Amino acid sequence: MKFLYYPGCTLKNKAKDLDIYARESALKLGFELIEVDEFQCCGGVFTTANDEIATKLASVRALKAAKAAGVPLVTVCSACHNVIKQTNYAMKNDAEFADKVNRYINDGDDYHGEAEVYHYLEVLRDIIGFDKIKEKCNGALKGKKIGAYYGCLLLRPSSVMGFDDPENPRIIEDMIKAAGAAPVIYGERNECCGGYAALEEPALVKKRCGIIDESAKAAGAEALVTACPLCRYNLVKNGANVPVLYFTELLHKALSEEI
Amino acid sequence: MKSKNELLRENIIRTSGADVKKCMKCGKCSGTCPSYDEMEYHPHQFVYMVETGDIEPLLNSESLYKCLTCFACVDRCPRGVQPAKVVEAVRLAAIRQQGKNRLTPDGVEKYLDDEIPQQAIVSAFRKYTK
(Lines give C-alpha, C1' and ligand atoms only; values in the text may rest on other atoms or scores of the structure.)
Protein backbone atom coordinates (compact mmCIF):
# COMPACT_ATOMS: atom_id res chain seq x y z
CA MET A 1 0.00 0.00 0.00
CA LYS A 2 1.41 3.39 -0.99
CA PHE A 3 0.62 6.89 0.21
CA LEU A 4 1.88 10.30 -0.80
CA TYR A 5 3.87 11.73 2.10
CA TYR A 6 4.39 15.34 3.14
CA PRO A 7 7.35 15.48 5.60
CA GLY A 8 7.61 19.27 5.93
CA CYS A 9 10.63 21.39 6.85
CA THR A 10 11.39 20.22 10.38
CA LEU A 11 11.38 16.49 9.67
CA LYS A 12 14.18 17.09 7.18
CA ASN A 13 16.23 18.96 9.76
CA LYS A 14 15.81 19.03 13.54
CA ALA A 15 13.24 16.22 13.78
CA LYS A 16 14.86 13.56 11.58
CA ASP A 17 13.92 10.81 14.07
CA LEU A 18 10.25 11.62 13.63
CA ASP A 19 10.64 11.08 9.87
CA ILE A 20 13.04 8.12 9.70
CA TYR A 21 11.18 5.98 12.23
CA ALA A 22 7.87 6.78 10.54
CA ARG A 23 9.14 5.47 7.21
CA GLU A 24 10.84 2.39 8.67
CA SER A 25 7.84 1.46 10.81
CA ALA A 26 5.53 1.92 7.85
CA LEU A 27 7.49 -0.66 5.83
CA LYS A 28 7.29 -3.10 8.75
CA LEU A 29 3.52 -2.60 8.89
CA GLY A 30 3.04 -3.04 5.14
CA PHE A 31 2.75 0.47 3.74
CA GLU A 32 5.09 2.88 2.04
CA LEU A 33 5.41 6.66 2.20
CA ILE A 34 6.33 8.28 -1.12
CA GLU A 35 7.52 11.83 -0.66
CA VAL A 36 5.77 14.67 -2.51
CA ASP A 37 8.14 15.96 -5.22
CA GLU A 38 9.67 19.32 -4.37
CA PHE A 39 7.28 20.00 -1.50
CA GLN A 40 7.33 23.48 0.01
CA CYS A 41 7.09 24.39 3.70
CA CYS A 42 3.49 24.65 4.95
CA GLY A 43 4.36 27.68 7.09
CA GLY A 44 3.97 25.95 10.44
CA VAL A 45 0.69 27.59 11.44
CA PHE A 46 -2.54 28.12 9.55
CA THR A 47 -3.45 31.75 8.94
CA THR A 48 -7.14 31.82 9.75
CA ALA A 49 -8.00 35.03 7.86
CA ASN A 50 -9.98 34.15 4.74
CA ASP A 51 -8.26 36.81 2.61
CA GLU A 52 -4.84 35.17 3.06
CA ILE A 53 -4.05 33.32 -0.18
CA ALA A 54 -0.26 33.15 -0.61
CA THR A 55 0.32 31.59 2.83
CA LYS A 56 -1.80 28.59 1.84
CA LEU A 57 -0.45 27.83 -1.64
CA ALA A 58 2.25 25.36 -0.52
CA SER A 59 -0.45 23.22 1.11
CA VAL A 60 -2.70 23.42 -1.94
CA ARG A 61 0.16 22.28 -4.20
CA ALA A 62 0.77 19.20 -2.02
CA LEU A 63 -2.96 18.48 -1.95
CA LYS A 64 -3.14 18.75 -5.75
CA ALA A 65 -0.25 16.28 -6.03
CA ALA A 66 -2.26 13.78 -3.96
CA LYS A 67 -5.35 14.36 -6.07
CA ALA A 68 -3.32 13.75 -9.24
CA ALA A 69 -1.74 10.58 -7.77
CA GLY A 70 -5.13 9.31 -6.62
CA VAL A 71 -3.87 8.41 -3.13
CA PRO A 72 -4.31 10.04 0.29
CA LEU A 73 -1.79 12.63 1.50
CA VAL A 74 -0.14 11.51 4.73
CA THR A 75 1.48 13.81 7.28
CA VAL A 76 3.51 13.00 10.41
CA CYS A 77 4.25 16.44 11.89
CA SER A 78 1.31 17.88 13.88
CA ALA A 79 1.85 21.36 12.46
CA CYS A 80 1.90 20.25 8.81
CA HIS A 81 -1.18 18.17 9.48
CA ASN A 82 -3.07 21.09 10.98
CA VAL A 83 -2.14 23.53 8.21
CA ILE A 84 -2.82 21.13 5.33
CA LYS A 85 -6.08 19.84 6.79
CA GLN A 86 -7.40 23.36 7.48
CA THR A 87 -6.37 24.46 3.98
CA ASN A 88 -8.13 21.48 2.44
CA TYR A 89 -11.26 22.28 4.44
CA ALA A 90 -11.20 25.88 3.21
CA MET A 91 -10.70 24.75 -0.42
CA LYS A 92 -13.72 22.47 -0.07
CA ASN A 93 -16.05 24.77 1.85
CA ASP A 94 -15.13 28.37 1.03
CA ALA A 95 -15.95 28.85 -2.65
CA GLU A 96 -14.65 32.43 -2.81
CA PHE A 97 -11.31 31.46 -1.26
CA ALA A 98 -10.95 28.42 -3.53
CA ASP A 99 -11.72 30.53 -6.58
CA LYS A 100 -8.97 33.00 -5.72
CA VAL A 101 -6.46 30.18 -5.17
CA ASN A 102 -7.42 28.40 -8.38
CA ARG A 103 -7.19 31.62 -10.40
CA TYR A 104 -3.72 32.22 -8.96
CA ILE A 105 -2.40 28.70 -9.65
CA ASN A 106 -4.24 28.65 -13.00
CA ASP A 107 -2.96 25.28 -14.25
CA GLY A 108 -6.19 24.10 -15.84
CA ASP A 109 -7.02 21.69 -13.02
CA ASP A 110 -9.07 23.50 -10.38
CA TYR A 111 -8.91 22.07 -6.89
CA HIS A 112 -11.86 21.89 -4.50
CA GLY A 113 -10.66 19.73 -1.62
CA GLU A 114 -10.85 16.38 -3.42
CA ALA A 115 -7.74 14.86 -1.79
CA GLU A 116 -7.97 12.96 1.47
CA VAL A 117 -5.56 13.96 4.26
CA TYR A 118 -4.51 11.46 6.90
CA HIS A 119 -2.19 11.87 9.82
CA TYR A 120 0.12 8.85 10.21
CA LEU A 121 -1.73 7.91 13.40
CA GLU A 122 -5.02 7.93 11.47
CA VAL A 123 -3.47 5.62 8.87
CA LEU A 124 -2.55 3.24 11.70
CA ARG A 125 -6.02 3.44 13.28
CA ASP A 126 -8.29 3.59 10.23
CA ILE A 127 -6.45 1.77 7.44
CA ILE A 128 -3.77 -0.53 8.86
CA GLY A 129 -5.41 -1.17 12.23
CA PHE A 130 -3.70 -1.10 15.64
CA ASP A 131 -4.02 -4.91 15.77
CA LYS A 132 -1.27 -5.11 13.17
CA ILE A 133 1.12 -3.36 15.60
CA LYS A 134 0.04 -5.73 18.36
CA GLU A 135 0.75 -8.67 16.07
CA LYS A 136 4.29 -7.48 15.20
CA CYS A 137 5.14 -6.01 18.60
CA ASN A 138 8.29 -7.38 20.29
CA GLY A 139 7.21 -6.86 23.90
CA ALA A 140 10.18 -4.60 24.69
CA LEU A 141 7.94 -1.90 26.14
CA LYS A 142 5.99 -4.14 28.50
CA GLY A 143 5.10 -2.34 31.72
CA LYS A 144 6.42 1.06 30.57
CA LYS A 145 4.11 3.87 31.59
CA ILE A 146 3.82 6.29 28.68
CA GLY A 147 1.83 9.51 28.53
CA ALA A 148 0.50 10.78 25.21
CA TYR A 149 1.03 14.50 24.71
CA TYR A 150 -1.40 15.68 22.03
CA GLY A 151 -0.94 19.43 22.38
CA CYS A 152 -3.32 21.49 20.30
CA LEU A 153 -2.53 21.07 16.61
CA LEU A 154 -3.72 17.49 16.07
CA LEU A 155 -7.05 18.05 17.78
CA ARG A 156 -8.24 21.58 17.12
CA PRO A 157 -10.30 23.05 15.62
CA SER A 158 -12.07 19.72 16.05
CA SER A 159 -14.84 20.51 13.56
CA VAL A 160 -12.15 20.69 10.86
CA MET A 161 -9.55 18.22 12.13
CA GLY A 162 -11.99 15.39 12.94
CA PHE A 163 -9.01 13.61 14.48
CA ASP A 164 -10.45 12.35 17.75
CA ASP A 165 -12.60 13.51 20.67
CA PRO A 166 -10.81 16.83 21.35
CA GLU A 167 -11.41 16.71 25.11
CA ASN A 168 -10.90 13.01 25.67
CA PRO A 169 -8.74 11.65 22.85
CA ARG A 170 -7.53 8.04 22.80
CA ILE A 171 -5.76 7.47 19.48
CA ILE A 172 -2.20 7.82 20.84
CA GLU A 173 -3.11 5.82 23.96
CA ASP A 174 -4.46 3.08 21.69
CA MET A 175 -1.17 3.10 19.78
CA ILE A 176 0.82 2.93 23.05
CA LYS A 177 -1.31 -0.03 24.13
CA ALA A 178 -0.83 -1.79 20.79
CA ALA A 179 2.94 -1.21 21.11
CA GLY A 180 2.87 -3.18 24.36
CA ALA A 181 3.24 -0.30 26.84
CA ALA A 182 0.79 1.11 29.39
CA PRO A 183 -0.80 4.47 28.53
CA VAL A 184 -1.08 7.06 31.31
CA ILE A 185 -3.95 9.55 31.19
CA TYR A 186 -3.25 13.02 32.61
CA GLY A 187 -5.18 16.29 32.55
CA GLU A 188 -2.92 18.54 30.50
CA ARG A 189 -2.36 16.20 27.56
CA ASN A 190 -4.49 18.30 25.20
CA GLU A 191 -3.43 21.78 26.34
CA CYS A 192 -0.95 23.99 24.47
CA CYS A 193 2.79 23.94 25.32
CA GLY A 194 3.24 27.57 24.26
CA GLY A 195 4.24 26.78 20.67
CA TYR A 196 6.00 29.48 18.68
CA ALA A 197 6.00 31.86 21.66
CA ALA A 198 9.26 29.99 22.43
CA LEU A 199 11.04 32.74 20.51
CA GLU A 200 9.70 35.91 22.10
CA GLU A 201 8.00 34.70 25.27
CA PRO A 202 10.15 31.98 26.81
CA ALA A 203 8.70 32.64 30.29
CA LEU A 204 5.16 31.93 29.07
CA VAL A 205 6.32 28.69 27.43
CA LYS A 206 8.25 27.67 30.55
CA LYS A 207 5.13 28.11 32.66
CA ARG A 208 2.97 26.10 30.25
CA CYS A 209 5.51 23.28 29.97
CA GLY A 210 5.91 23.13 33.76
CA ILE A 211 2.15 22.65 34.16
CA ILE A 212 2.10 19.87 31.54
CA ASP A 213 5.16 18.14 32.98
CA GLU A 214 3.76 18.23 36.55
CA SER A 215 0.45 16.84 35.36
CA ALA A 216 2.16 13.94 33.53
CA LYS A 217 4.51 13.23 36.42
CA ALA A 218 1.68 13.21 38.98
CA ALA A 219 -0.14 10.60 36.88
CA GLY A 220 2.96 8.39 36.90
CA ALA A 221 4.21 8.80 33.33
CA GLU A 222 7.79 7.55 32.79
CA ALA A 223 7.99 9.09 29.32
CA LEU A 224 5.90 11.27 27.02
CA VAL A 225 5.31 10.83 23.31
CA THR A 226 4.32 13.55 20.87
CA ALA A 227 3.89 14.08 17.13
CA CYS A 228 5.06 17.69 17.25
CA PRO A 229 8.73 18.80 17.03
CA LEU A 230 7.96 22.13 18.70
CA CYS A 231 6.12 20.49 21.62
CA ARG A 232 9.10 18.20 22.10
CA TYR A 233 11.57 21.08 21.94
CA ASN A 234 9.59 23.19 24.42
CA LEU A 235 9.11 20.35 26.91
CA VAL A 236 12.76 19.24 26.80
CA LYS A 237 14.14 22.79 26.84
CA ASN A 238 12.06 23.62 29.90
CA GLY A 239 13.36 20.72 31.94
CA ALA A 240 10.77 17.96 31.56
CA ASN A 241 11.09 15.41 34.37
CA VAL A 242 10.60 12.55 31.94
CA PRO A 243 12.08 11.78 28.50
CA VAL A 244 10.02 13.15 25.61
CA LEU A 245 10.00 10.96 22.49
CA TYR A 246 8.37 11.13 19.10
CA PHE A 247 5.52 8.64 18.75
CA THR A 248 7.36 7.11 15.79
CA GLU A 249 10.40 6.38 18.01
CA LEU A 250 8.15 4.44 20.38
CA LEU A 251 6.55 2.60 17.48
CA HIS A 252 9.96 1.76 16.05
CA LYS A 253 11.13 0.40 19.43
CA ALA A 254 8.07 -1.84 19.60
CA LEU A 255 8.58 -3.16 16.07
CA SER A 256 12.36 -3.52 16.12
CA GLU A 257 13.94 -6.98 15.74
CA GLU A 258 16.64 -6.12 18.27
CA ILE A 259 15.24 -5.73 21.75
CA MET B 1 -19.07 58.07 4.13
CA LYS B 2 -17.97 55.38 6.54
CA SER B 3 -15.29 56.34 9.02
CA LYS B 4 -11.86 54.71 8.91
CA ASN B 5 -12.68 52.93 12.13
CA GLU B 6 -15.94 51.55 10.75
CA LEU B 7 -14.15 50.30 7.61
CA LEU B 8 -11.50 48.63 9.78
CA ARG B 9 -14.16 47.01 11.97
CA GLU B 10 -15.99 45.63 8.94
CA ASN B 11 -12.75 44.35 7.43
CA ILE B 12 -11.76 42.58 10.65
CA ILE B 13 -15.17 40.93 10.98
CA ARG B 14 -15.21 39.90 7.31
CA THR B 15 -11.69 38.47 7.14
CA SER B 16 -11.97 36.70 10.51
CA GLY B 17 -15.04 34.78 9.36
CA ALA B 18 -16.23 35.01 12.98
CA ASP B 19 -19.64 36.20 14.13
CA VAL B 20 -18.98 38.46 17.12
CA LYS B 21 -22.70 39.17 17.62
CA LYS B 22 -23.28 35.57 18.71
CA CYS B 23 -21.18 36.08 21.86
CA MET B 24 -23.19 35.68 25.09
CA LYS B 25 -20.29 36.92 27.24
CA CYS B 26 -19.86 33.78 29.32
CA GLY B 27 -16.06 34.23 29.40
CA LYS B 28 -15.26 30.61 28.67
CA CYS B 29 -12.77 31.61 25.95
CA SER B 30 -10.72 33.63 28.40
CA GLY B 31 -11.15 31.01 31.12
CA THR B 32 -9.53 28.36 28.92
CA CYS B 33 -6.85 30.58 27.33
CA PRO B 34 -3.30 29.39 28.17
CA SER B 35 -2.00 32.96 27.74
CA TYR B 36 -4.64 34.60 29.95
CA ASP B 37 -2.20 35.82 32.62
CA GLU B 38 0.06 37.42 30.03
CA MET B 39 -2.69 39.31 28.21
CA GLU B 40 -3.77 42.90 28.72
CA TYR B 41 -6.92 42.28 26.66
CA HIS B 42 -8.33 38.76 26.90
CA PRO B 43 -10.14 36.76 24.21
CA HIS B 44 -13.65 37.80 25.35
CA GLN B 45 -12.53 41.44 25.31
CA PHE B 46 -11.26 41.10 21.73
CA VAL B 47 -14.70 39.83 20.73
CA TYR B 48 -16.56 42.59 22.61
CA MET B 49 -14.26 45.42 21.55
CA VAL B 50 -14.41 44.45 17.88
CA GLU B 51 -18.19 44.21 18.12
CA THR B 52 -18.42 47.71 19.60
CA GLY B 53 -15.74 49.18 17.32
CA ASP B 54 -13.23 49.92 20.11
CA ILE B 55 -10.36 48.60 18.01
CA GLU B 56 -7.51 51.10 18.41
CA PRO B 57 -6.47 49.82 21.89
CA LEU B 58 -6.32 46.27 20.52
CA LEU B 59 -4.22 47.28 17.51
CA ASN B 60 -1.59 48.73 19.83
CA SER B 61 -1.65 46.02 22.47
CA GLU B 62 1.01 43.41 23.16
CA SER B 63 -1.87 40.98 23.67
CA LEU B 64 -1.91 40.47 19.89
CA TYR B 65 1.36 38.57 20.19
CA LYS B 66 0.43 36.43 23.20
CA CYS B 67 -2.21 34.36 21.37
CA LEU B 68 -0.77 30.89 20.66
CA THR B 69 -3.38 29.94 18.02
CA CYS B 70 -4.09 26.78 20.04
CA PHE B 71 -7.82 27.02 19.20
CA ALA B 72 -8.86 26.14 22.77
CA CYS B 73 -11.22 29.15 22.73
CA VAL B 74 -12.57 28.17 19.32
CA ASP B 75 -13.35 24.61 20.36
CA ARG B 76 -14.74 25.44 23.79
CA CYS B 77 -16.96 28.43 22.92
CA PRO B 78 -20.58 27.31 23.43
CA ARG B 79 -21.76 29.76 20.75
CA GLY B 80 -19.23 29.04 17.99
CA VAL B 81 -17.85 32.60 18.02
CA GLN B 82 -14.24 31.59 17.22
CA PRO B 83 -12.37 34.24 19.26
CA ALA B 84 -8.90 33.18 18.00
CA LYS B 85 -9.95 34.17 14.49
CA VAL B 86 -10.93 37.62 15.76
CA VAL B 87 -7.53 38.02 17.46
CA GLU B 88 -5.82 36.92 14.25
CA ALA B 89 -7.77 39.40 12.09
CA VAL B 90 -6.83 42.26 14.44
CA ARG B 91 -3.19 41.14 14.46
CA LEU B 92 -3.16 41.11 10.66
CA ALA B 93 -4.69 44.59 10.60
CA ALA B 94 -1.78 45.68 12.80
CA ILE B 95 1.14 43.98 11.04
CA ARG B 96 -0.11 44.71 7.53
CA GLN B 97 0.61 48.39 8.17
CA GLN B 98 3.84 49.77 6.74
CA GLY B 99 6.78 49.21 9.09
CA LYS B 100 4.77 47.18 11.61
CA ASN B 101 6.38 43.78 11.13
CA ARG B 102 6.98 42.30 14.55
CA LEU B 103 9.80 39.98 13.52
CA THR B 104 12.45 40.59 10.87
CA PRO B 105 15.02 38.23 9.31
CA ASP B 106 17.81 40.31 10.90
CA GLY B 107 16.12 40.30 14.27
CA VAL B 108 15.37 36.59 14.59
CA GLU B 109 18.89 35.33 15.22
CA LYS B 110 18.98 36.35 18.86
CA TYR B 111 16.13 33.96 19.64
CA LEU B 112 17.75 30.87 18.16
CA ASP B 113 19.67 28.01 19.74
CA ASP B 114 21.09 24.84 18.21
CA GLU B 115 18.03 22.74 18.89
CA ILE B 116 15.16 25.05 17.94
CA PRO B 117 13.03 23.39 15.25
CA GLN B 118 12.47 25.15 11.92
CA GLN B 119 8.76 24.91 12.70
CA ALA B 120 9.13 27.48 15.51
CA ILE B 121 10.81 30.01 13.24
CA VAL B 122 8.44 29.71 10.29
CA SER B 123 5.44 29.78 12.61
CA ALA B 124 6.60 32.94 14.35
CA PHE B 125 7.21 34.65 11.00
CA ARG B 126 3.78 33.66 9.81
CA LYS B 127 2.17 35.13 12.92
CA TYR B 128 4.28 38.23 13.43
CA THR B 129 5.30 39.37 9.95
CA LYS B 130 3.76 40.18 6.57
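## Helix α11 of chain A

In this predicted model, Phe247(A), Thr248(A), Leu250(A), Leu251(A), His252(A), Lys253(A), Ala254(A) and Leu255(A) are the buried residues of α11(A). The helix, which spans residues 247-255 of chain A, is thus described as mostly covered, with 8 of its 9 residues buried.

The cover over these buried residues of α11(A) comes from several parts of chain A, including the helices α1 (16-28), α6 (130-136) and α8 (171-178), together with the strands β5 (145-148), β7 (223-226) and β8 (244-246).

## Two domains in chain A

Chain A is divided into domain 1, covering residues 2-120, and domain 2, covering residues 136-255, and the C-alpha centres of these two domains lie 23 Å apart. Where they meet, domain 1 of chain A contributes 22 residues to the contact and domain 2 of chain A contributes 18.

On the side of domain 1 of chain A that touches domain 2 of chain A, the elements giving two or more residues are α1 and α3 (78-93) of chain A, and this side is made up of 10 nonpolar, 7 polar and 5 charged residues.

## The contact between chains A and B

Between the two chains, 36 residues of chain A are in contact with 32 residues of chain B. On the side of chain A that touches chain B, α9 (202-218) and α10 (229-237) of chain A each supply at least two residues, and the largest share, 3 residues, comes from α10(A). Sorted by class, the residues on this side of chain A comprise 18 nonpolar, 11 polar and 7 charged.

Definitions and conventions: Residues numbered from 1 in each chain as written. Chains lettered and ligands numbered in written order. Predicted model: local features only at pLDDT ≥ 70, side-chain atom pairs only at ≥ 80, totals over all residues. Contact = placed C-beta atoms within 7 Å. Helix = DSSP H or I, 4+ residues; strand = E, 2+ residues; numbered from the N terminus. Nonpolar A, V, L, I, M, F, W, Y, C, P; charged D, E, K, R; others polar. Buried ≥ 20, exposed ≤ 12 C-beta atoms within 10 Å, placed from the backbone. Domains from an automatic or database assignment.
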